[in-house]
Amino acid sequence: MAPAMSAANRNFMGKRVVARQARAARVAVNRRSTVAVKAGAYDEELIATANTIASKGRGILAMDESNGTCGKRLDSIGVENTEDNRRAYRELLVTTPGLGEYISGAIMFEETLYQSSKAGKPFVDCLKDQGIVPGIKVDKGLVPMANSNGESWCQGLDGLAERCAEYYKQGARFAKWRSVVNITAGPTDKALQDCAYGLARYAAIAQDNGLVPIVEPEILLDGEHDIDTTLEVASRTWAQTFKYLADQDVLFEGILLKPSMVTPGADSGTKCSPETVADYTLKMLNRRVPPAVPGIMFLSGGQSELESTLNLNAMNQTPNPWHVSFSYARALQNTVLKTWQGDEANVDAAQTALIGRAKANSMAQLGQYTGDGESASAGEGMYEKGYTY
């Protein structure tokens with residue numbers, strides 16, 4: 001048995017403990033005093049904008065195709081790729097009556113942000129009048145990554161702050177930046193790191209200029225891989241992305257995510273049920289995405305109109321920590337474009353088709369979509385290998 005400690009020794013040891021605690025407290029205070037806690041100038045507005053877009057029963061219309069990609073869409077219906085034809089088609093979209101009931105935000109290409117209707121009304125105002133938040137694509141596209149097996153990186157950080165400031169003045173309140181991860185090409189660690197870092201730098205710059213950043217590391221459908229491989233790669237990608245977002249002090253409450261759904265590769269020969277896609281996708285998101293993020297706005301990624309809506313509906317059968325909705329381009333516009341055919345006489349019918357698709361996805365966001373009354377064309381796949389905007 002240890003000998004009893006004298007009163008003097010107990011007093012001495014007690015003083016030493018207190019002294020150590022005091023030193024630790026002073027160090028902690030000194031450390032805290034070196035950390036500058038500063039709210040961003042736009043924080044309150046960013047949070048309000050993100051929550052407006054992530055509002056019940058509504059999602060995003062992605063109409064931000066580049067002029068080249070828009071030209072391919074127009075060519076598919078025999079319409080020449082001119083600025084006036086692009087303007088006419090986009091006017092059809094932004095002036096659709098009642099669109100704001102189902103659409104909360106619209107992503108535009110730079111040309112579109114500055115365009116006006118035939119009557120002279122700016123497209124930005126057409127959207128705002130329906131309660132739709134104008135958004136803008138800010139990346140400069142994908143280019144091949146050196147010393148890789150066909151991987152890409154996204155350019156556009158140079159001059160981004162100045163461009164974001166100008167877009168804000170024009171009325172944009174959120175932004176989009178699309179990077180991609182190619183499973184068939186690796187993905188290599190350097191490609192994942194570049195994708196995540198680029199998204200984080202963009203997000204920080206966008207928020208600093210008043211724009212809510214949509215964070216989009218798209219896992220391409222290209223490949224023969226199974227759904228478990230997609231889950232693994234998506235998990236790695238989002239882990240890296242949130243690590244870099246945190247490193248850049250990005251305000252999570254003021255961002256939106258645009259992930260791919262977790263599915264098998266397009267050439268795998270396997271089709272999973274909506275319930276399976278929902279299970280895998282939500283499993284990945286729950287493991288990686290903080291509940292502070294207001295909204296998950298899925299991309300369709302080449303799925304058919306019907307498939308993308310059924311999968312979204314399956315993900316809203318149980319409560320989620322975030323608003324789970326859509327940010328679709330082809331999955332909202334495919335039938336619209338085919339209906340329009342470049343003919344002004346078909347505008348009303350094309351707008352009716354847009355409302356139909358928007359309403360279907362609104363119901364899916366609420367978990368109430370049934371698929372009743374869908375046409376055969378809604379089930380047509382739209383996957384394109386190596387698809388670019």
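Reply: Helices (H or I, at least four residues) and strands (E, at least two) are DSSP runs, numbered from the N terminus. By that rule the protein has 13 helices and 10 strands. This is a predicted model, in which local features need pLDDT of at least 70 and side-chain atom pairs count only at pLDDT 80 or more, while totals for chains, interfaces and linings use all residues. Residues are numbered from 1 along each chain as its sequence is written, and side-chain values use heavy atoms, with hydrogens and water left out.

Me: What makes Arg90 count as buried?

Reply: Buried means under 20% relative accessible area, exposed over 50%, and partly exposed in between (1.4 Å probe, protein chains only). Arg90 has a relative accessibility of 1%, so Arg90 counts as buried. Of the 389 residues of the protein, 52% count as buried.

Me: How do you know whether Asp129 and Lys121, which form a salt bridge, are buried or exposed?

Reply: Asp129 has a relative accessible area of 57%, so Asp129 is exposed. Lys121, at 34%, is partly exposed. Their closest N and O atoms are 2.4 Å apart. In another salt bridge, Lys137 pairs with Asp139 at 3.0 Å; Lys137 counts as buried at 9% relative accessibility, and Asp139 counts as buried at 6%.

Me: What makes the buried residues of helix α2 line one face?

Reply: The buried residues of α2 (residues 43–53) are Leu46, Thr49, Ala50 and Ile53. Seen down the axis of α2, they fall within an arc of 100° (taken from the directions from the helix axis to the C-beta atoms), so they line one face of the helix. An α-helix has 3.6 residues a turn, so residues three or four places apart point the same way.

Me: Which residues touch the most other members of the largest nonpolar core, and what is such a core?

Reply: A nonpolar core is a set of buried Ala, Val, Leu, Ile, Met, Phe, Trp, Tyr and Cys residues joined through side-chain atoms within 4.5 Å. The largest one has 104 residues, of which Val138, Tyr202, Leu211, Phe242, Leu245, Leu257 and Phe298 touch the most other members. Helix α8 (residues 189–208) gives the most to this core, with 10 residues. With contact meaning heavy atoms within 4.5 Å, and leaving aside neighbours within four places in sequence, Val138 is in contact with residues including Leu160, Tyr167, Trp177 and Tyr202.

Me: Where is Ser260, and is Ser260 buried or exposed?

Reply: Ser260 is in the loop between β8 (256–257) and α10 (274–288). Its relative accessible area is 10%, so Ser260 is buried.

Terms used:
Salt bridge = Lys/Arg side-chain N within 4 Å of Asp/Glu carboxyl O.
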